Structures are given as structure tokens and as C-alpha cells.
Amino acid sequence: VQLQASGGGLVRARGSLRLSCTASGRIFGSFNMGWFRRQPGKEREFVAAISWSGSSKYYADSVKGRFTIPREDAKNTVYLQMNVLTPEDTAVYYCAAGKTPWGTMARTPDSDDFGSWGQGTLVTVSS
């Protein structure tokens with residue numbers, strides 16, 4: 001599956017932004033979807049994931065309560081709704097798709113759980 005992420009940009013602290021990730025193909029509904037990010041000078045880290053069915057979601061502690069990850073299978077799209085942004089959320093955000101059985105993944109999934117990646121979209125939060 002090929003993924004195209006969009007929606008990044010510059011936003012002020014405490015603002016909101018919604019990222020989108022659209023997948024090619026007709027089997028989007030069979031993939032778990034995830035968002036990861038790479039902050040300046042840091043390793044890529046998990047942000048959020050949603051199961052193929054949409055019935056289960058995981059969030060990193062750093063974004064819990066501020067970010068949500070809805071999916072809209074009819075549009076082959078997963079979103080990352082980001083609220084109450086802080087400068088620490090500044091990063092390149094990547095969407096990913098994978099088929100690791102959801103029940104076998106840790107609550108902070110690893111990059112290896114996802115086999116397809118989008119190109120990344122930059123989010124910059126100013127103070």
C-alpha cells in the first residue's frame with residue numbers, strides 16, 4: 001500500500017492541526033494504521049495507532065488526551081487530530097500501515113509493526 005501524508009504546517013502553541021494520510025488500493029480496511037514522529041535531533045517515536053477494525057487505539061503518553069486517530073475507510077484515510085499543541089510537538093510526522101496482529105503488538109507499537117510508510121509531513125509549533 002502506498003501512503004500520502006498531508007496537513008503539516010506552522011501553528012502557534014495551544015493551537016490545533018489535523019494531519020491526513022491517504023492510502024492507495026482497495027484493501028485499506030485490512031491495515032492497522034499508525035503515526036510516528038521524528039523530533040529534531042531525536043529518534044523516530046510512536047505517536048498513535050488504530051486497529052484495522054477501528055475498535056482499538058493506542059497513544060503515546062506524551063499525546064494522550066490531546067491527539068486522536070480516527071480513520072475513514074470509505075476515503076482510505078486515517079487522520080491525526082492534534083489539539084493543544086506545544087513546541088515539543090514540533091516534528092516530521094509519518095503515517096504507516098501494517099498487518100501485525102493487533103493483539104500481539106505492544107501498547108507502544110514498534111516501527112517494525114508497520115511495513116508501509118508515507119513520506120512525512122512537517123509540523124512546526126511556535127511558542
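A residue counts as buried when its relative accessible area is under 20%. At 1% relative accessibility, F36 therefore falls in the buried class. The model described here is a predicted one.

The protein has zero helices and 12 strands. Read along the sequence, its pattern is β-β-β-β-β-β-β-β-β-β-β-β. The radius of gyration is 13 Å, close to the 14 Å that the globule rule gives for 127 residues, so the protein is as compact as a globular protein of that length. Along the principal axes, the C-alpha atoms fill a box of roughly 40 × 25 × 25 Å. Buried residues make up 46% of the 127 residues. Of the contacts with a separation of 6 or more, 60% come from residues 24 or more positions apart.

The largest nonpolar core holds 37 residues. Within this core, M33, W35, L80, M82 and Y93 touch the most other members. Several elements give two or more residues to the core: β1 (3-6), β3 (17-23), β4 (32-38), β5 (44-50), β6 (57-59), β9 (77-82), β10 (91-98) and β12 (121-126). L80 illustrates the contacts made by one of these core residues. Neighbours within four places in sequence aside, L80 is in contact with L17, R18 and L19, and also with W35, V47, A48, F67, T68 and Y93. Two of these partners, W35 and Y93, are themselves among the core residues that touch the most other members.

G34 is placed in strand β4. Its relative accessibility is 0%, so G34 counts as buried. The C-alpha atoms of G34 and I50 are separated by 6.3 Å, although the two residues are 16 residues apart along the chain. Residues up to four places away in sequence aside, G34 touches A48, A49, I69, Y94, C95, A96 and F114.

Aromatic pairs were examined next. The count comes to four. Another pair, Y58 and W102, is stacked, with 4.7 Å centre to centre and 20° between the planes. This pair links distant parts of the chain. Y58 is in strand β6, W102 is in the loop between β10 and β11 (116-117), and the two are 44 residues apart. Both Y58 and W102 are buried. Ring pairs also link F36, F46, F114 and W117 into a cluster.

Charge placement over rings involves R44. This arginine lies over the face of W117, at 3.9 Å from the ring centre. R44 also lies over the face of Y94, at 5.8 Å from the ring centre. W117 is a member of the aromatic cluster, and Y94 is one of the residues touched by G34.

R71 lies in strand β8 (residues 71-72). Its relative accessible area is 15%, so R71 is buried. The side chain of R71 makes a polar contact with the side chain of D73, at 2.8 Å. A polar atom of the R71 side chain also lies 3.1 Å from the backbone oxygen of F28.

With a relative accessible area of 2%, S51 is buried. Its contacts, leaving aside neighbours within four places in sequence, are F31, N32, S56, R71 and W102. W102 is a member of the stacked pair with Y58. S51 and A97 are 46 residues apart in sequence, and their C-alpha atoms are 10.0 Å apart in space.

How values were computed
Residues are numbered from 1 along each chain as its sequence is written. This is a predicted model: local features need pLDDT of at least 70, side-chain atom pairs count only at pLDDT 80 or more; totals for chains, interfaces and linings use all residues. Side-chain values use heavy atoms; hydrogens and water are left out. A nonpolar core is a set of buried Ala, Val, Leu, Ile, Met, Phe, Trp, Tyr and Cys residues joined through side-chain atoms within 4.5 Å. Buried means under 20% relative accessible area, exposed over 50%, partly exposed in between (1.4 Å probe, protein chains only). Helices (H or I, at least four residues) and strands (E, at least two) are DSSP runs, numbered from the N terminus. Contact means heavy atoms within 4.5 Å. A polar contact is a pair of N or O atoms within 3.5 Å; within protein, one must be able to donate a hydrogen and the other to accept it, and residues adjacent in sequence count only if both atoms are side-chain atoms. Rings of Phe, Tyr and Trp (its six-membered ring) pair if their centres lie within 6.5 Å; planes under 30 degrees apart count as stacked, over 60 as edge-to-face and the rest as tilted. A charge sits over a ring if NZ of Lys or CZ of Arg is within 6 Å of the ring centre and within 35 degrees of the ring normal. The radius of gyration is taken over C-alpha atoms; the globule rule is 2.2 Å times the number of residues to the power 0.38.
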